[in-house]
Amino acid sequence: MQQALVEHKLAACVSLSPIRSIYTWQGEIHAESEWQLLIKTDLAKFEALKTKVQELHSYEVPEIIAIPIIAGSDAYLNWLGKSLSL
């Protein structure tokens, strides 16, 4: 999935981190090893990215949230924009 997001220019970069999650699902508490993806993109691409993640993800309800970029280096933000350009 991660590579598909970059290939389709929905993400400039996807960082993966192993995590342990404890959550409630369908009335039961679960404790699972998961991978957290930090997907760097532009808000204008969010809806298309969300659709692609839902299409490719194995979970019925994957966590898909947007966290704004408050500030960043000019060089990084320029790279981000160029990476997302068609």
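Of the 86 residues of the protein, 23% count as buried; buried means under 20% relative accessible area, exposed over 50%, and partly exposed in between (1.4 Å probe, protein chains only). The model is predicted: local features need pLDDT of at least 70, side-chain atom pairs count only at pLDDT 80 or more, and totals for chains, interfaces and linings use all residues. Residues are numbered from 1 along each chain as its sequence is written, and side-chain values use heavy atoms, with hydrogens and water left out.

**Whole chain**

Start with a cartoon view. Helices (H or I, at least four residues) and strands (E, at least two) are DSSP runs, numbered from the N terminus. Trace the chain along the sequence and the pattern reads α-β-β-α-α. The C-alpha trace spans about 45 × 25 × 20 Å along its principal axes.

Now think about contacts, meaning heavy atoms within 4.5 Å. Among contacts between residues at least 6 apart in sequence, 48% join residues at least 24 apart.

**The nonpolar core**

Select L5, L10, A11, V14, F46, L49, V53 and I64. These 8 residues make up the largest nonpolar core. Helix α2 (residues 46–56) gives the most to this core, with 3 residues. A nonpolar core is a set of buried Ala, Val, Leu, Ile, Met, Phe, Trp, Tyr and Cys residues joined through side-chain atoms within 4.5 Å. In soluble globular proteins, nonpolar side chains tend to be buried together.

Centre on L5. Leaving out residues up to four places away in sequence, L5 touches L10, A11, V14, I39, K52 and V53.

**The end of helix α2**

Stay on helix α2 and pick E55. Is E55 buried or exposed? With a relative accessible area of 54%, E55 is exposed. Draw a distance from E55 to M1: the two are 54 residues apart along the chain, yet their C-alpha atoms are separated by 9.5 Å.

Next, take L56, also in helix α2. L56 is partly exposed because its relative accessible area is 38%. Beyond its neighbours within four places in sequence, L56 is in contact with M1 and A4. Then draw a line from L56 to I70. The pair is 14 residues apart in sequence and 29 Å apart in space, C-alpha to C-alpha.

**The largest pocket**

Select Q36, L37, E63, I64 and I65. Of the 34 residues that line the largest pocket, these lie nearest its centre. Elements giving two or more residues to the lining are β1 (13–25), β2 (28–40) and α2. The largest share, 8 residues, comes from β2.

Colour the lining by residue class. It divides into 22 nonpolar, 7 polar and 5 charged residues.

**Helix α3**

Finish at S83, in helix α3 (residues 74–84). S83 counts as buried because its relative accessible area is 19%. Which residues does S83 touch, not counting those up to four places away in sequence? Show K9 and A12 to see them.

Methods:
1 Å grid on protein atoms, 1.4 Å probe; cavity = no way out; pocket = protein on both sides within 12 Å on 5 of 7 lines; lining within 4 Å. Nonpolar A, V, L, I, M, F, W, Y, C, P; charged D, E, K, R; others polar.
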